Amino acid sequence: MWRQVHSFTEWLLNKYLARYLSNVNLHQVHIGLTQGSVELENLKLREDALENFNLPFKIVDGTVGKLVLQVPVAGLSSGSLVLCLSDLNIRATPYQGTEYDPVKEEEQRLAALNLKLEALEQQIYQKLYAQSKSWLSSFASSYFTSMIENLKLVINDVHFCYMDSVSVASMPFSLGITIKHLATQPSPNKVGDCVLKEVQLEGLGVYWNFGEHIDGEETEKYYVLEPISAKVELTQNKSTEPLNSLQTPRFTASLTLQTVQLTLSSKQYHLAARILNIIDWQHRVKKNRKWHPGVPILGNAEVWWKFAISAVRDPISRRMERERPSFVSARAKLLVKYVNLYTTMLSKHEIKDLIKQDIKPLE
């Protein structure tokens with residue numbers, strides 16, 4: 001059983017760590033898992049780690065001081081899976097890109113599409129596993145359940161800092177979030193079919209600095225939300241019987257929160273209103289940068305009018321194109337072909353890789 005746990009955990013780490021971290025030593029991960037513990041230091045966060053979330057900022061620097069994963073050698077039934085992260089620092093700046101790169105845009109579009117397809121595939125495989133009686137499907141299902149129930153997550157010393165000297169040139173600022181300690185662990189107070197999890201939070205604060213204090217590394221931070229602590233107890237009723245009564249929910253949460261102190265100056269309030277408008281403007285710039293002329297408005301009225309016309313006309317043209325009978329017919333044929341190929345891939349595993357090559361262009 002330990003061999004299956006080791007292989008499955010290694011696959012999960014290789015898949016998700018490489019997606020968000022750039023300098024993961026996979027050989028070190030493999031060696032560590034054979035001993036029941038993986039310890040990685042000075043990891044770099046990928047600059048494109050959050051691109052698929054369509055956020056109005058980009059990562060310029062991100063580090064994880066230490067990552068420790070402990071897997072119980074005898075299996076999850078005998079202990080907890082422990083994941084510890086410490087010294088997580090992320091610095092971000094506003095998104096300013098107006099130049100259109102068709103290759104990069106297509107790569108981002110395909111990456112976002114693949115994430116959606118992976119989520120749909122996982123739902124399909126879960127249904128197949130539920131109907132299957134093989135030991136592999138049973139092991140995967142029970143492993144995931146045990147992993148979530150027995151997971152201990154510990155995060156220490158988190159600092160996210162968004163620095164902006166562009167949006168409001170006359171008033172550079174930094175907005176940051178700090179967390180001293182965050183931990184989730186199974187609660188020992190399990191009752192019947194109910195499973196409890198405890199979440200402890202310490203030192204959650206939000207600061208907002210101006211002018212010469214925007215670096216985020218200075219000792220003095222002007223907190224909008226003073227650091228607070230909280231405790232949450234999550235309860236899941238795992239009864240296999242339907243819960244028909246509103247008095248018996250499937251999930252419940254109990255929150256214990258200390259006094260919350262919020263401070264917002266008039267200057268911060270007015271700046272917040274301006275920033276919200278700027279974020280909306282940045283979203284529109286990112287959406288329409290395909291046609292952006294990249295020249296000043298003064299003296300270039302003609303190209304700017306063409307830009308405005310293209311930005312308005314393009315969604316209308318695409319909608320009209322999709323309503324044409326020829327487009328609908330061609331898309332229906334592609335859909336039927338895709339469904340047939342995907343059905344074949346699910347039923348004939350020995351030619352799965354070959355079929356995937358035919359499916360990729362259709363996606």
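# Close-up views of a predicted model

**View 1. The whole chain.** The chain holds eight helices and eight strands. Helices here are DSSP runs of H or I with at least four residues, strands are DSSP runs of E with at least two, and both are numbered from the N terminus. This is a predicted model, in which local features need pLDDT of at least 70 and side-chain atom pairs count only at pLDDT 80 or more, while totals for chains, interfaces and linings use all residues. Residues are numbered from 1 along each chain as its sequence is written, and side-chain values use heavy atoms, with hydrogens and water left out. Of the 363 residues in the chain, 27% are buried. Buried means under 20% relative accessible area, exposed means over 50%, and partly exposed is in between (1.4 Å probe, protein chains only). The accessible surface comes to about 23,700 Å², and carbon and sulfur atoms account for 58% of that surface. Such areas come from the Shrake-Rupley method with a 1.4 Å probe; for residues, only the protein chains shown count as cover. A contact means heavy atoms within 4.5 Å. Take the contacts between residues at least 6 apart in sequence: 64% of these join residues at least 24 apart.

View 2. Which residues touch the most other members of the largest nonpolar core? They are Leu21 and Leu40, in a core of 22 residues. Four strands each supply at least two residues of this core: β1 (37–44), β2 (57–70), β3 (81–94) and β4 (151–164). Another core, of 10 residues, lies apart from it, and its members include Ala92, Val168, Phe173 and Leu271. A nonpolar core is a set of buried Ala, Val, Leu, Ile, Met, Phe, Trp, Tyr and Cys residues joined through side-chain atoms within 4.5 Å. In soluble globular proteins, nonpolar side chains tend to be buried together.

View 3. The structure holds six salt bridges. A salt bridge is a side-chain nitrogen of Lys or Arg within 4 Å of a carboxyl oxygen of Asp or Glu. One of them joins the side chains of lysine 66 and glutamate 39, at 3.4 Å from N to O. Because lysine 66 lies in strand β2 and glutamate 39 in strand β1, this pair ties together parts that are 27 residues apart in sequence. Lysine 66 is partly exposed at 30% relative accessibility, and glutamate 39 is partly exposed at 38%. Lysine 44 and aspartate 61 also meet in a salt bridge, at 3.7 Å from N to O. That pair links distant parts of the chain, with lysine 44 in strand β1 and aspartate 61 in strand β2, 17 residues apart. Both ends are partly exposed: lysine 44 has a relative accessible area of 40%, and aspartate 61 has 28%.

View 4. Is glutamate 302 buried or exposed? Glutamate 302 is exposed, with a relative accessible area of 57%, whereas lysine 306 is partly exposed at 49%.

**View 5. Glutamine 268 and its neighbours.** Glutamine 268 sits in helix α5 (residues 266–288). With a relative accessible area of 7%, glutamine 268 is buried. What does its side chain reach? The side chain of glutamine 268 reaches the backbone nitrogen of serine 265 at 3.0 Å. Leaving out residues up to four places away in sequence, glutamine 268 touches Trp208, Phe210, Val224 and Thr263.

View 6. Look in strand β3 for aspartate 87. Aspartate 87 has a positive phi of about 55° although it is not a glycine, and its relative accessible area of 38% makes it partly exposed. Strand β4 holds aspartate 157. Phi of aspartate 157 is positive too, near 55°, and this residue is partly exposed at 32%.

View 7. How many disulfides does the structure hold? The structure holds zero. A disulfide is a pair of cysteine sulfur atoms within 2.5 Å. Cysteine 84 is partly exposed, with a relative accessible area of 25%, whereas cysteine 161 is buried, at 2%.

Note on methods. Polar contact = N/O pair within 3.5 Å; in protein donor to acceptor, adjacent residues only side chain to side chain.
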